[in-house]
Amino acid sequence: MRALISVYDKTGLEPFARGLAALGFEIVASGGTAAALTNDGLTVTPVEEVTGFPEVLGGRVKTLHPRIHAGILVRRDVPGDVAQLHEHAIRPFDLVCVNLYPFDATAELPGADEVDVLEMIDVGGPAMLRAAAKNHPHVVAVCRPQDYETVLSELREGKGAVSADARRRLAGVAFSTTAAYEASIARWFQRGVPFPETFVPAFRRVHELAYGENPHQRAAYYAERGARTHLLSYVEQLGGKPLSFNNLNDLSAGRLLIRELGSPACVIVKHANPCGVAVAETVEEAYALALAADPVSAYGGVVVLNRSVSAELGEVLAQQFVEVLFAPGYTDPALEALQRKEATRILAHSERRAPDEVERDYRRVVGGLLVQEGDPVVAGSEGMEVVCGEVPDEAWDDLLFAWRVVKHVTSNAIVLAQGGQTLGIGAGQTSRVDAVRLAVEKAGELGHSLEGAVLASDAFFPFADGPQLALDAGVTALVQPGGSKRDAEVVEAVAAAGAAMVFTHRRHFRH
């Protein structure tokens, strides 16, 4: 039996090669792989002895040779193939172990030199791996260190043979690996092109999930290759049950919103919508305000904080039913208190690297994909226009706060706020006036006074009826994109009530 090994990442290589040798495999290896295995005391046949041709072009060409690829691609059950191998004195390979140059890691380095990045485009590796995977009925294709022990076990149990199911599975892994590799290279060449003719994102599975949105749906969580960060990067689970599909969806909504809030802040999410949001001098106060915003909806919600959890806050949170708690850190007493709640999934986030400023947004549709640029973080009041009334400084703070929150509420969306706290949220309504009515009624049910409150609307008001409901309830300042044919009527109604209105000239639909 004969194995061809050519790997950049040599993790686990020595015991794998030693296991193959013990099973009677001849080890053929290229360049640095041959040197590493020889240093480990294994007997290795260098590739150039097989090809009869030295490595050239600084190692760019070493395995691209008929004696290599014919040995991989020969069909043992086709007499003509076997005869041609005998005619040219070529010996077949039974196993090919290849992993690829680290293109992603090199391309993502700050200030990466283009020459260095281009050198990390592997040519021979993908060719060998694809050849082995194509001929998987006769050749075992291995490209990940985590598969080494499985392959050795199969070989030992099968007396030198790997089962057809395992070979087919490994071939799938190999083609997925080369496809994702090519996708990364294509993405690098197409940087700066927002919507290329062929769009090839690649994702890697991070977790299998118990089920999807509903128990009858299977699910998994994937992270996008090439993204600076992902939802669970540098996240450690310190307690609680495994994360579910819905947990992750809600967590993403909370993390996206809290990125907009620089002060100590708390976001409570239910069904991918914020139900309570607050900023304050301390995170303890922010949590208290966010919970008070809508304590009924907050029951069983996802709580996202942007400051560490103190012993005091940990005790308070431990008294609530929280599905997921996400924070930069926890004191020991806080963690001890929270871990008593076996159902609460406690997540600590240690990453300091900023995410991509604007990620592409994907929406699955029947037979296709809608792709758009992400909606960037709201920077401030730049570009906004006061179209009637006067806006005091404290009202500006609340208007910007409400505007940042409404961006993350399902359309049609209305947010009522005051003092850095949401008071009523109208989400996902088919008419904007109904969204206002829902937000006002919600605030009233919870005992929140709207005297002096502000309102944010994710898109323009087509009529004055929505603002009028809010004005009648006590709202004194509104922020909305503007752009309706009836803007004049809306502005007139607000001005007549002695209130202020700000146009942002930008909407924030979220469907």
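Helix 6 (103-107), helix 10 (164-189), strand 6 (203-209) and strand 7 (219-224) each contribute at least two residues to the lining of the second largest pocket. Helices (H or I, at least four residues) and strands (E, at least two) are DSSP runs, numbered from the N terminus. The model is predicted, so local features need pLDDT of at least 70 and side-chain atom pairs count only at pLDDT 80 or more, whereas totals for chains, interfaces and linings use all residues. Residues are numbered from 1 along each chain as its sequence is written, and side-chain values use heavy atoms, with hydrogens and water left out.

On a 1 Å grid over the protein atoms alone, a pocket is an open set of points where a 1.4 Å probe fits, with protein on both sides within 12 Å along at least five of seven lines; lining residues have an atom within 4 Å of a point. The lining of the second largest pocket comprises 41 residues, of which Arg144, Thr177, Ala180, Arg204 and Arg225 lie nearest its centre. Helix 10 provides the largest share, eight residues.

A separate region is organised around strand 19 (residues 454-457), where Val454 and Ala456 point one way and Leu455 and Ser457 the other. All four are buried (under 20% relative accessible area, 1.4 Å probe, protein chains only). Strand 17 (residues 414-418) runs antiparallel to strand 19 and is joined to it by four bridges; strands pair if DSSP finds at least two bridges between them. Strand 20 (residues 477-480) runs parallel to strand 19, with three bridges. Ala456 stands opposite Val415 and also opposite Val479 in strand 20.

Notes:
Buried means under 20% relative accessible area, exposed over 50%, partly exposed in between (1.4 Å probe, protein chains only).
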